Structure formats: structure tokens, C-alpha cells
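This report is written for a reader who is meeting the structure for the first time. Please keep the sequence and the model in view while reading.

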2 protein chains.
Amino acid sequence: MLQIEEAVHCLQQQVQPIRKTQSLPLLSATGRILAQEGRAMMDQPPFPRSPLDGYAVRGQDTAKAKKEAPVCLQVVGKVCAGEVFPGQVKAGEAVRIMTGAPIPQGADTVIRQEDSDSGQEQVMIYKSSKPYENYCYQGEDYKKGTLLLPKGTRLRGNEIALAASLGLDPVMVYQKPQIAVVSTGDELTMPGEDLKPGKIYDSNRYWLSARLSELGIPAVYSGHCNDEPEEMAECIRKRSQQADVIITTGGVSVGEKDIMHEVIQILSARQLFWRVDVKPGAPVLAAVFGGTLLICLSGNPFAAAANFELFVRPVIGCLSRDESWIPKKKQARLENDYRKPAGARRFLRGYTEDEKVWVAAGNHGSGSLSAMLVCNCLIEIPPHQAGAVKGDMVWTYLL
Amino acid sequence: MLQIEEAVHCLQQQVQPIRKTQSLPLLSATGRILAQEGRAMMDQPPFPRSPLDGYAVRGQDTAKAKKEAPVCLQVVGKVCAGEVFPGQVKAGEAVRIMTGAPIPQGADTVIRQEDSDSGQEQVMIYKSSKPYENYCYQGEDYKKGTLLLPKGTRLRGNEIALAASLGLDPVMVYQKPQIAVVSTGDELTMPGEDLKPGKIYDSNRYWLSARLSELGIPAVYSGHCNDEPEEMAECIRKRSQQADVIITTGGVSVGEKDIMHEVIQILSARQLFWRVDVKPGAPVLAAVFGGTLLICLSGNPFAAAANFELFVRPVIGCLSRDESWIPKKKQARLENDYRKPAGARRFLRGYTEDEKVWVAAGNHGSGSLSAMLVCNCLIEIPPHQAGAVKGDMVWTYLL
């Protein structure tokens, strides 16, 4: 049967990284992917800068300064942050200077205010300072021309601040991929409505939509469709006008109500695969309709969730140019036993911390939602083993 | 001098966890804090449920079924997900059943379709099934009355899905705290504008605003003020009408342009503290004006960033009722040397992975933004030591 990695590769082959860009105010660009280069147009700082409040002087003038034998310098001016001192500091002179101000020409160090008598016209210096002590060099953060933010950078707080320091506002970013979510199933009732006998509330659509929001790309559409192939085909036709990816849940197995096979036929969509060597969620189905990728997940809540992590996230990572979408894989030591054999690669709900991992307690049925609450990873149990026991090293996929 | 923990405690004492609530559609509530209980109004599943497509039967009827010697049962009806079979399954009978459908009364197991001849009126069963095999018990996920989502729960994907399964939509959540950000400094130019001599671009306001967005509570106001005490006091007066917390940068040291001391006086605000035993950012200042908390950070970019993590995040965690705002502290083994003594507790930019931590390369000046790009933690170096060396266990604060 198709392996997970083959299925992911196949899906990734179908998508092109987003090319459309948009201009955004820098303050609205958090979490977005940069579509231009962020290159330094000047040194940072753009001038030698004072790191503190005090007096800009020539270090050699203070060489002999001591508390008991202060050196007296002539204060020839003052410079605050944002100003430029027009003259030059000569031998025996000092300029009163504030944090962040450009160090005047001629001066090569700054005496801390606390190491002086804070004099206005003349100042007594109580402590010597060597040249280039208390001195921020021009360009010490970065030099003019440096490529600081390459195209494709994810803009978090640090990158936004750096872009600001470059003067970059507004900023060109890639558009977000358009993702639609559709749940299927005649048994599904919408939360907030009355529950009739035989029905349950729809949770898959909510899980998928909330998870997309949580990861930074809210769904552009989130809806439900009954088990009517024509109705579902029409829904996909409509959503495919806008969506790069449509994620559906339910209807992918072998029963009479497993409508997705018929939907693919009605649409004449190109099927990529059906069934992958994974438990839960083996009957995952993928197809292409027009330019839109359809990823049809099992209707079992944990199967849908696990398969979203395994199959959908890497594809959105590719499409959005954002590697943080690809779940991190990490080895960890199993801290409790899970003794249940399986023919397929099996994924369990887990909790991991410090290279240790616990199989989450509670019901492991793929219909169970409550067991997911404490999860922060999936645990992979290799096939054809009688489960796994405490001490085994296992692969975890971080959620 | 005041210790970091004392300062944080003092700030947290000043704020009350948000009490105002709002009703939101469940699909818009991702990342929010639940202000009501999410209690199960019914068992989940609400009825014994079929986990697969096949035939609902009495297990004892299939006890002798084998491929070579199939058992023949009378098919008395069909039940799909969302329907209820009105009758009862008697000895020698079977009901065609689809995944998710309620198991009819009388039946105690489901035969997989693949283990039958898929008969319509009569069905040949090729494999036996014990009672309650292939059977999802009513309430196996959770029982009626169970408190699944206590008040104060953070709603991520899993919690949203669980709330959906409870039928909860719309949902009551706490309002987000209102946070304002104001940078000060005559030297600051807004990104996108021309840079004049002696000036630099404002980055602190961008860092703080982007970081607040990243963590889920975007600033309600983000602005700049010149080094004019009256102007800044007026800005705080205005913003305090709305904001629970105002974060400012710059003007907290001892220089002439360190206007925040005068601003506190003009406002007759109640000062909580000034100066904390921390490097960078020692001159952090805190005050209360009306019901608004003012946290005034140093204007040095790394100092502002580190102090936001150390002082502001725990306060917003308290205010927003969201513990994920409190930075996680973790011990890690230092992988490179940092030989620079300091009198105060010093925080460095670091990168941590698998209980190891590296001091980020590059310029460690508190003005440097570029060194922050690779950071995912702060490293704490205890005071009165000649730095730290490879192999030392140090505390890290995860960003």
C-alpha cells in the first residue's frame, strides 16, 4: 500500500508555492511570508552612537582621571538623541551627550554621567575611559548592503522589528493560500441546533477550521454537505473557483454512503490516490479538480485530525512557503506501554516533554475527542509489532 | 535592588483577571479563553455506534462462521448514519449498517462487510464476531454530565472540536485585555519615511506590536511620542481611557531626555518601582494611572524585548487568564562560552534545542536587532560570576 511519505510527496507535487503577493502595512504583516528582500540601505547604527548619558570626550584626555584627581574639561555643547553636534571635540573639550545620540567628531569615547560632577560649563571627570570604550560603532549591528531578511522569511516579532529598522513599510508579502473545509454526513447536526435521535454534532469541520486558524491560515470557507453526491460535487465545483485546497471529511470508505468516490467521478476529477498505509484514516483519498487539490479525510474525528497533521500540513507548508507548517519529527523515549498490534503504521495521541513521551490515557478509539485534549504530539508505532513498551524509542510528530 | 520575581509579583498584584465576557460564534473563538463551562448534556456517542460498514448481528449467531462454512442470516433492514432502525434484531437476523449509524436493539456486534458476501436479502457471514467486538459503546468518549471544558480553558483546535461535539455554539469567552504600545524618542523616524542625520527608524514599537499579535492579543493602539513630557502625559491620559496596560519604550534612565519620570509626576501616577536587578533593561519603571498599568521599558531594542518577556508577559498572562503567556523556564546545558562578568542578573539571546543551549553569535550589545533573528530563548547568567562556560547548566526562558 502507499506509504505516508509517498502520499505526501505526491500531494506536494501537485501544488505550486503561492506566487501572488500583496502590500501590507508592516504592523499588519506578523506571521506572513516576505515576498521581497530586506536589505540594509545604510549601516546600523547609521553613525557612531552613545550607549549612555554622559560626556563625549577624547579618551586620551581622561587617561589620568581619578576620583581624588579629577580631570577638568570644557563643555562646548550638548547633543541629544536625534540631533547632530555640528562641531568637533578638541583636546580638553567635552560635549554633553544623551543615550542614542551620534558621538561628535573628534570624540572617541563617552564618560558616564555618574563618573562626573555633571558640570554644565566645565565638567570634572572622575574616571578614565579608553578610546572606543562606551562607544557603539557605526554598523556594528549590520552593514549597508547586508541581506538581512531574504525573500521567503517568516515575519515574527524579531523580523518585523528588523524590517522596521530598515525603514521597510509597507512590505510585500505572499498571499495566503485559500483553504476550504467541507464536512459530509447525514448524521451531522450543527452545534447550536437540536440533536435528533441517531444524529451527532459535527466536530470535524470545527477541528479543521480552528486548527487552520491556530496555525495562521483561517479557512476561507467552512461548510457541511449531506451525503448526496450531486450536492457535494456542486459544492466542490463552487469552492474550487476560489480555493487552492479543499479538505473534506467523511464518505471515503467502502460503504453505501461513502459518496466521495462517486463525487470524484461526477466531477471527472483526477484521482491521485486512495488508501494509505496508516491507521487511523487509511481510506484517505486525494484528487485534483481544475487547479484545486482535494484531500478527502476519514470522518472519524481522530483519523481526520491525525491525517490533517500527516498529509495536509506538509502540503500547506509547500503552498504557503512556510516551513513551520511541516510538523517537526523527533525521537522520544516511551514512558508507558501500548500493547496492541496493527498491520499498518499506527499513530497514537501522545504527550511529550524533554525527550520523553506518554501515550495519552483514555479511549483510543478514533472517534474519541476527549482523549485529544492533553495531546501535544502523535506517536508512531511501526507496523507488524505487538505495540510498544516503556523504554522504546519512538518517533513523535509535534502538534 | 528589586529582583525580577518581586517586580513581576508587584505588577501582577495590580491587575485583576478580565471579567468582561462576550459571545462568539464557535468558529471565531480559536485562541480565546472560555468564560462558561463546557459540560456534556448527553453521552458521547449518544447511542451504541457502528465503527464500520457491515451487518449488525447477534454475536452468538456467528459463533461457528468460517470461510468454508459461512453462516446465513436474514437481512431485515438497513440503517445509515443519521438514521434509527425502528425494529429489533432477532436470532438469525442481520441489519445492513453503515459507519456511524446506531447499532439496532438486539444486535451486539457488527460484521465487517469484507467478512460477508454483501448480500441484500440474505447475507453469508464468513467470520465470527464476539458480542461487543466492533461496537462503540454509548458514552465511551464521555458520559452525560462530565465537565469537559472548565471555565478558563484556552480554546485550541481540540477544545473547539470538543465544544462543537457538545453542541456549544455560540460560546461565551472572556474579552481580550486592551494593550497600548507607545514608543518615545526624538531620534525615532517612522519606517517608510526619509531618514535625516542623527535619526534612526523606530523598531521597538514594531517589535512589541508584532509580538503581541504573535501571542494572540494585538495592541489596540500603537503610536509614537516625542520627548515632550506634556505631550506624552496627554497621550497616556487618552490611551488610559481604553487600555488595561500601556507599554512604553525609552526615557526611563537618568539623562535629560529621560522624560518618563516627569510624565509620572505630571499625571500624579502612583509609581510602583524603578530599577530592577536585570541586565539589559535595569531602569524599567512601573506605575498605575487610574485603573491602567504603565510599564515603561528601556529604549534599547534588546532590553525592551527581554523585559517584555520577563515583566510584561506574566502580567498579561494574569490579566488575560491565559497561562500560555507566562514564558516557560527550563534548564539546559550551555554549549559555548560567554565570558563577561556582570553585577546584575544578565540575559542573553540564545538558541535552545533538546536541553542544549547556545549563546547566539554576533553582537551582544543591547542595541542589536540582527542577533535576535535566530533566538528562541533568553539565557540567564547569574550575577557576580565571570560569565558562564560550556557545560554549565543555565536557565532558559522560552520565547
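The sections below treat the basis of the model, the interface, the cores, the salt bridges and some individual residues.

## Basis of the model

This is a predicted model, in which local features need pLDDT of at least 70 and side-chain atom pairs count only at pLDDT 80 or more, while totals for chains, interfaces and linings use all residues. Residues are numbered from 1 along each chain as its sequence is written, chains are lettered from A and ligands numbered from 1 in the order in which they are written, and side-chain values use heavy atoms, with hydrogens and water left out.

## The interface between chains A and B

On chain A, 75 residues are in contact with 75 residues of chain B, contact meaning heavy atoms within 4.5 Å. The two chains bury about 6,100 Å² between them, and 58% of this lies on carbon and sulfur atoms. Buried area is the accessible area (1.4 Å probe) that two parts lose on being put together, summed over both. Within chain A, the residues that lose the most area to chain B are L27(A), E256(A) and L373(A), which together make up 10% of what that side buries.

Between chain A and chain B there are 23 residue pairs in polar contact, both residues at pLDDT 80 or more. A polar contact is a pair of N or O atoms within 3.5 Å; within protein, one must be able to donate a hydrogen and the other to accept it, and residues adjacent in sequence count only if both atoms are side-chain atoms. On the side of chain A that touches chain B, at least two residues each come from β8 (147-149), α2 (157-165), β12 (200-201) and α3 (204-214). Helices (H or I, at least four residues) and strands (E, at least two) are DSSP runs, numbered from the N terminus. That side of chain A consists of 32 nonpolar, 19 polar and 24 charged residues. Here Ala, Val, Leu, Ile, Met, Phe, Trp, Tyr, Cys and Pro count as nonpolar, Asp, Glu, Lys and Arg as charged, and the others, Gly among them, as polar.

## Nonpolar cores

A nonpolar core is a set of buried Ala, Val, Leu, Ile, Met, Phe, Trp, Tyr and Cys residues joined through side-chain atoms within 4.5 Å. Buried means under 20% relative accessible area, exposed over 50%, and partly exposed in between (1.4 Å probe, protein chains only). The largest core has 67 residues, and those with the most contacts inside it are L11(A), I247(A), F273(A), L293(A), L297(A), F308(A) and F311(A). Helix α6 (residues 301-320) of chain A provides the largest share of this core, 11 residues. A second, separate core of 66 residues includes A163(A) as well as A7(B), V8(B) and F308(B).

Beyond its neighbours within four places in sequence, L293(A) is in contact with several residues, among them L11(A), V15(A), I246(A) and V315(A). In chain B, L293(B) belongs to strand β17 (residues 292-297) and is buried, with a relative accessible area of 3%.

## Salt bridges

Side chains of opposite charge can pair when their charged atoms come close. A salt bridge is a side-chain nitrogen of Lys or Arg within 4 Å of a carboxyl oxygen of Asp or Glu. The structure holds 36 salt bridges over all chains, and six are counted between chain A and chain B. One salt bridge joins D354(B) to K330(A), with the closest N and O atoms 3.1 Å apart.

Within chain A, D186(A) and K257(A) form a salt bridge whose closest N and O atoms are 3.1 Å apart. This pair links distant parts of the chain, 71 residues apart: D186(A) is in the loop between β10 (179-184) and β11 (188-189), and K257(A) in the loop between β14 (245-249) and α5 (260-267). D186(A) counts as buried because its relative accessibility is 19%, whereas K257(A), at 26%, counts as partly exposed. A network of salt bridges links R211(A), E214(A), E309(A) and R313(A). In chain B, R237(B) and E234(B) meet in a salt bridge of 2.7 Å, N to O. These two residues are three apart in helix α4 (residues 229-240) of chain B, so about one helical turn separates R237(B) and E234(B).

## A buried loop residue

Q44(B) is placed in the loop between β2 (38-39) and β3 (54-57) of chain B. Q44(B) counts as buried because its relative accessibility is 6%. Leaving aside neighbours within four places in sequence, Q44(B) is in contact with R49(B), G139(B), E140(B), D141(B), Y142(B) and S165(B).
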